[in-house]
Amino acid sequence: MSSQEFNVIAILHPKKGKTDDVLRLLNEVADYVKTQESTTLGYSINRSLRPNKDGTEEIVMIERYKNQAALKTHGTSATFTAFQKKLGELDLMRAPMVLKMVGEQGGFKARL
């Protein structure tokens, strides 16, 4: 998989009432990724359509990378590591982030 494109699905679990704060920080990261990481091919931030029964929400990131080196570049960038640090310092998360690396097996991306 090292030289093939792949997706990362990241599920974030903000504390109740903290989703907007996490989204603001993620959008700052996305702005950086868009202008500085040419091998990050996609970076989509998605929010639960409905809160959970306890009022919490999830944020689901769908990220596409050109290769493993692109993911390493992203994960070690000063911007991303500062984001992770802020999540902890501001006590925004109720559970650890869940990461899944996946490769496409069929279907389609867009209907033009």
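Reader: How many bridges join β1 to β4, and do they run parallel or antiparallel?
Author: This is a predicted model, to begin with. Seven bridges join β1 to β4, and the two strands run antiparallel.

Reader: Which residue in β4 is the bridge partner of H13?
Author: A95 is the partner of H13 there. H13 itself sits in strand β1.

Reader: Is H13 buried or exposed?
Author: H13 counts as buried, because its relative accessibility is 15% and the cut-off for buried is under 20%.

Reader: What is H13 in contact with, sequence neighbours aside?
Author: Setting aside neighbours within four places in sequence, H13 is in contact with E57, E58, M93, R94, A95, P96 and V98. A95 is also its bridge partner in β4.

Reader: Back to β1 as a whole. How many of its residues are buried?
Author: Seven of its nine residues are buried, so β1 is mostly covered.

Reader: And I11, where is that found?
Author: I11 is in strand β1 too. I11 is partly exposed, with a relative accessible area of 25%.

Reader: Next, β3. How many bridges join β1 to β3?
Author: Seven bridges join them, and β1 (residues 6-14) and β3 run antiparallel. L12 stands opposite I59 in β3. A10 has M61 as its bridge partner in β3.

Reader: Which way do β2 and β3 run, parallel or antiparallel?
Author: Antiparallel, with seven bridges between β2 (residues 40-47) and β3. One of the facing pairs is G42 opposite R64 in β3.

Reader: How many of the residues in β3 are buried?
Author: Five of seven, in a strand that covers residues 59-65. β3 is mostly covered.

Reader: Is R64 buried or exposed?
Author: R64 is buried, with a relative accessible area of 15%. R64 lies in strand β3.

Reader: How far apart are R64 and V102 in space?
Author: They are 9.6 Å apart, C-alpha to C-alpha. In sequence, R64 and V102 are 38 residues apart.

Reader: How do the lining residues divide into nonpolar, polar and charged?
Author: The lining of the largest pocket has 13 nonpolar residues, three polar and one charged.

Reader: Now rings. How many aromatic pairs does the structure hold?
Author: The structure holds two aromatic pairs. In one, the ring centres of F6 and Y65 are 5.9 Å apart and the planes are at 35 degrees, so the pair is tilted. F6 lies in strand β1 and Y65 in strand β3, so the pair ties together parts that are 59 residues apart in sequence. Both F6 and Y65 are buried.

Reader: What about F80 and F83, how does that pair look?
Author: That pair is tilted as well, at 5.8 Å centre to centre and 40 degrees between the planes. F80 and F83 both lie in helix α3, three residues apart, about one turn of the helix. F80 counts as buried at 12% relative accessibility, and F83 counts as buried at 3%.

Reader: Last one, backbone. What is phi of D91?
Author: Phi of D91 is near 55 degrees, a positive value in a residue other than glycine. D91 is in the loop between α3 and β4. D91 is partly exposed, with a relative accessible area of 45%.

How values were computed: Residues are numbered from 1 along each chain as its sequence is written. This is a predicted model: local features need pLDDT of at least 70, side-chain atom pairs count only at pLDDT 80 or more; totals for chains, interfaces and linings use all residues. Side-chain values use heavy atoms; hydrogens and water are left out. Buried means under 20% relative accessible area, exposed over 50%, partly exposed in between (1.4 Å probe, protein chains only). Helices (H or I, at least four residues) and strands (E, at least two) are DSSP runs, numbered from the N terminus. Two strands pair if DSSP finds at least two bridges between them. Ala, Val, Leu, Ile, Met, Phe, Trp, Tyr, Cys and Pro count as nonpolar, Asp, Glu, Lys and Arg as charged, and the others, Gly among them, as polar. Contact means heavy atoms within 4.5 Å. Rings of Phe, Tyr and Trp (its six-membered ring) pair if their centres lie within 6.5 Å; planes under 30 degrees apart count as stacked, over 60 as edge-to-face and the rest as tilted.
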